[in-house]
Amino acid sequence: MKLTPVTIGDLTLEVPIIQGGMGIGVSLSRLAGSVAKNGGMGIISCAQIGFNDPLFERAPFKANMKAIKDQYEMAKTIAGNGIVGFNIMCATFKYEKYVQRCVEVGADVIISGAGLPIHLPELVAGSKTKIAPIVSSEKAAKVLLRTWAKRYTRTADFLVIEGPEAGGHLGFKYDGIENAIANMDEEVKKIIAVAKEYGEKFQCEIPVFFAGGVYDRADIDHYLELGCAGVQMATRFVVTEECDAPSDYKQRYLNAKKEDVKIIKSPVGMPGRAIENKFTETIKTKQIPIAKCRSCLSYDHCDRKTIPYCITEMLLNSVTENPDCGLVFAGSNVFKVNEMTTVPALMKELSE
Ligand SMILES: Cc1cc2nc3c(=O)[nH]c(=O)nc-3n(C[C@H](O)[C@H](O)[C@H](O)COP(=O)(O)O)c2cc1C
């Protein structure tokens, strides 16, 4: 199938590929700006985005607010007219402030998952920022779009469906992942029907993008045939020169074998897909005491007394210390990547 540009309100996405947000420190300005420059949508992860600032250890929230502006401006400088936005997880502590800050700096889009972004429309009201929820089921898509229609008389500018083969947190139960893999195509068709229904209600198109395990052009074509407008991909963008993660981290991707890809328990209360290492071995039997709380998650998402480890600490370890001793999220197809590439080369390979 031919890849065609996607219209999202007044924006045109030349190549229908979104580079998924990757925290902490994996998708920042360089990766997002480069993807946008090459016609895709570049997404900066807001998760502890200011971790590199000396201010971070003392005042993480302040450092994050500052970094949102800096990272966006740097990404836009690389991107030219390309589309750059942010991924903000609903479970984030002070989620509303993060959204407002992204709007304030002029974000083209905000994509929000790890929960349902019920209040997102009122937080972006009056701005040009486009909004997209991440959903994993027809039920979630229906609940969210119905609520937005009732409360805010509006709908999503686009929709991301995240399937069970994605990297990072998964919107499925631990014991439901295999079943979800078998039935995902049917679910995708149902979610597309929901998007169509609300598109008709609001006399607009709601383009749908599929994420999770999309590896090559054949995969992209498959989702276009199901009715998607495009895809969101993350794992493949990690092994690019432009990816903001350190080279040790990328090396873990290059070394990963099929049997190294595991489903782990996250303190967020969701399963997550990651590469097996010393850290994943440790949490099988031990709780890792929290050295320092940097208030990443809202209180209803993190019970500081009972969590098996601190998610911020372990994600930070993998990009600032040693990827063997931290959490290295990756999609199910990570074992297939075996050489470094660049964003232009990858975009060319996927879009030709
Ligand atoms: C290293 C890594 C970090 C991620 N971090 C986030 C995140 O902070 N927020 C989020 O919504 N999704 C996150 N994801 C999910 C991706 O944005 C994307 O939807 C998913 O990985 C797509 O599947 P793929 O990696 O198989 O292409 C992450 C994925 C990876 C691999």
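**Pockets, cavity and ligand site**

Modeller: In this predicted model, the second largest pocket holds about 310 Å³ of space.

Colleague: Which residues are closest to the centre of that pocket?

Modeller: Lys196, Glu205, Ile206, Pro207 and Gly227 are the closest to the centre, out of 15 residues that line the second largest pocket.

Colleague: Which element gives the largest share of the lining of the second largest pocket?

Modeller: Helix 6 does, with five residues. Helix 6 spans 177-201, and strand 1 (6-8) also supplies at least two residues of that lining.

Colleague: How do the residues of this lining divide by class?

Modeller: For the second largest pocket, nine are nonpolar, three are polar and three are charged.

Colleague: Moving on to cavities: how many of 30 Å³ or more does the structure hold?

Modeller: The structure holds one. About 90 Å³ of space lies in the largest cavity. Its lining has 15 residues, and those closest to the centre are Cys293, Cys296, Cys302, Ile307 and Cys310.

Colleague: What classes of residue make up the lining of the largest cavity?

Modeller: Ten residues there are nonpolar, two are polar and three are charged.

Colleague: Now the ligand. How many residues surround the ligand, and which are the closest?

Modeller: The ligand is surrounded by 24 residues, with Gly21, Glu162, Gly213, Gln232 and Thr235 the closest. By class, the shell has eleven nonpolar, eleven polar and two charged residues.

Colleague: Which domains does the shell around the ligand draw on?

Modeller: Domain 1 (6-246 + 336-351) and domain 2 (247-334) each provide at least three residues of the shell.

Colleague: What lies 2.6 Å from an N or O atom in the side chain of threonine 235?

Modeller: That is an oxygen atom of the ligand.

Colleague: How much of the ligand does the protein bury?

Modeller: The protein buries 96% of the 610 Å² that the ligand exposes when taken alone.

Colleague: And which elements give two or more residues to the shell around the ligand?

Modeller: Those elements are strand 11 (230-233) and helix 9 (247-255).

Key
Residues numbered from 1 in each chain as written. Predicted model: local features only at pLDDT ≥ 70, side-chain atom pairs only at ≥ 80, totals over all residues. Heavy atoms only, no water. Near = heavy atom within 4 Å. Polar contact = N/O pair within 3.5 Å; in protein donor to acceptor, adjacent residues only side chain to side chain. Areas by Shrake-Rupley, 256 points an atom, 1.4 Å probe, with all protein chains shown as cover. Helix = DSSP H or I, 4+ residues; strand = E, 2+ residues; numbered from the N terminus. Nonpolar A, V, L, I, M, F, W, Y, C, P; charged D, E, K, R; others polar. Domains from an automatic or database assignment. 1 Å grid on protein atoms, 1.4 Å probe; cavity = no way out; pocket = protein on both sides within 12 Å on 5 of 7 lines; lining within 4 Å. Points joined across faces, edges and corners; volume = space filled by probe spheres on them.
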